[in-house]
Amino acid sequence: GRGRLEVVGAGADGGAVQLVHAHVDEGWIKKWGQREEPVNFIGLGYVAALFAAAFGKPVRSYSVTEVESIVAGAKRSVFQVVSN
């Protein structure tokens, strides 16, 4: 899977999800080392789909940005979710 996702805030207008354990980030670091830009693009889509399903909205109803990233040295990755 994705690792360990925790929804830390959720509503129809958006919210936040943190990833305290991320297979993509940890694999990237092991193979190529740290990087300034996030690499968890699959996670962005997964979180957007999670919010759409939870609030009964169609696909592409949410935009997700990774504002903190394990691959960049953060203790956890944080995804900010906003309704489109």
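**Close-up views of a predicted model**

In this predicted model, the count of salt bridges comes to three. The views below take up these pairs, and then the strands and the core.

**View 1. The salt bridge between Glu-6 and Arg-4.** Glu-6 forms a salt bridge with Arg-4, and the closest N and O atoms of the pair lie 3.0 Å apart. Glu-6 is partly exposed, since its relative accessible area is 25%, a value that falls between the limits of 20% for buried and 50% for exposed residues.

**View 2. The salt bridge between Glu-37 and Arg-35.** Here the partner of Glu-37 is Arg-35, with a separation of 3.6 Å between the closest N and O atoms. Glu-37 has a relative accessibility of 44% and so counts as partly exposed, and Arg-35, with a relative accessible area of 31%, is likewise partly exposed.

**View 3. The salt bridge between Arg-76 and Glu-68.** The side chains of Arg-76 and Glu-68 meet in a salt bridge, for which the N to O distance is 3.3 Å. Arg-76 counts as partly exposed at 30% relative accessibility, while Glu-68 is partly exposed with a relative accessible area of 31%. Side chains of opposite charge can pair when their charged atoms come close.

**View 4. The hairpin of strands E1 and E2.** Strands E1 and E2 form a hairpin in which two residues lie between them.

**View 5. The largest nonpolar core.** The largest nonpolar core holds 12 residues in all, among them Leu-19, Val-47, Phe-51, Tyr-62, Ile-70 and Val-81. At least two residues of this core are supplied by each of four elements, namely strand E2 (14-22), helix H2 (41-54), strand E3 (62-68) and strand E4 (77-83). The largest share, four residues, comes from helix H2.

**View 6. The surroundings of Val-81.** Val-81 is a member of the largest nonpolar core. When its neighbours within four places in sequence are left aside, Val-81 is in contact with Asp-13, Gly-14 and Gly-15, with Val-47 and Phe-51, and with Tyr-62, Ser-63 and Val-64.

Note on methods: Residues numbered from 1 in each chain as written. Predicted model: local features only at pLDDT ≥ 70, side-chain atom pairs only at ≥ 80, totals over all residues. Heavy atoms only, no water. Core = buried A, V, L, I, M, F, W, Y, C linked by side-chain atoms within 4.5 Å. Buried < 20%, exposed > 50% of the residue type's maximum accessible area, 1.4 Å probe, protein only. Contact = heavy atoms within 4.5 Å. Pairing = 2+ DSSP bridges. Salt bridge = Lys/Arg side-chain N within 4 Å of Asp/Glu carboxyl O.
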